[in-house]
Amino acid sequence: MTKSVDLLHLRSVVLAGHAGSGKTTLGEHLLFRTGAVQRLGKVDDASSTLDFEPEEQKRKESLTLAVASCEYEGTRLVFVDTPGDRKSTRLNSSHITISYA
């Protein structure tokens, strides 16, 4: 169970960009460096924490939204990893709007 967090110590970070720009890789490195995961997941190895669906692992690209969080210097960071393909552009803008709420 996740402990409650004071809103002053909560940040949402949306990883958005075109396909292949490294959004998931950045998220994986941030999770690893902050100690949220014990191993550095890689998209090319199908070991990514954020690309967990079998089809994503097969294609080596994000097909769905993924959310992960970690603690860093007393602040809870919530990462929203968005797909980068053209079909997801409209959906991604909805995700960004929600993250501001």
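Good morning. I begin with Ser 48, which touches Thr 24, Glu 28, Gly 41, Lys 42 and Val 43, leaving aside residues up to four places away in sequence; contact here means heavy atoms within 4.5 Å. The model is a predicted one, in which local features need pLDDT of at least 70 and side-chain atom pairs count only at pLDDT 80 or more, while totals for chains, interfaces and linings use all residues. Residues are numbered from 1 along each chain as its sequence is written, and side-chain values use heavy atoms, with hydrogens and water left out.

To stay with Ser 48: this residue is found in the loop between helix 1 and helix 2 (54-59). Helices (H or I, at least four residues) and strands (E, at least two) are DSSP runs, numbered from the N terminus. Is Ser 48 buried or exposed? Ser 48 counts as buried, because its relative accessibility is 5%; buried means under 20% relative accessible area, exposed over 50%, and partly exposed in between, with a 1.4 Å probe and protein chains only. Its side chain makes a polar contact with the side chain of Glu 28, at 2.6 Å. A polar contact is a pair of N or O atoms within 3.5 Å; within protein, one must be able to donate a hydrogen and the other to accept it, and residues adjacent in sequence count only if both atoms are side-chain atoms.

The loop between helix 1 and helix 2 also holds Ala 46. Phi of Ala 46 is near 60 degrees, a positive value in a residue other than glycine. Ala 46 counts as partly exposed because its relative accessible area is 32%.

A positive phi, near 50 degrees, is also found at Glu 73, again a residue other than glycine. Glu 73 lies in the loop between strand 2 (66-72) and strand 3 (75-81). With a relative accessibility of 69%, Glu 73 counts as exposed.

Of the 101 residues, 31% count as buried. Among contacts between residues at least 6 apart in sequence, 44% join residues at least 24 apart.

Finally, confidence. The mean pLDDT of the chain is 84, and 82% of its residues reach 70 or more; pLDDT is the predictor's confidence in each residue, from 0 to 100. Which element has the lowest mean pLDDT? Helix 3 (residues 89-100) does, at 56, whereas helix 1 (residues 23-33) has the highest, at 94.
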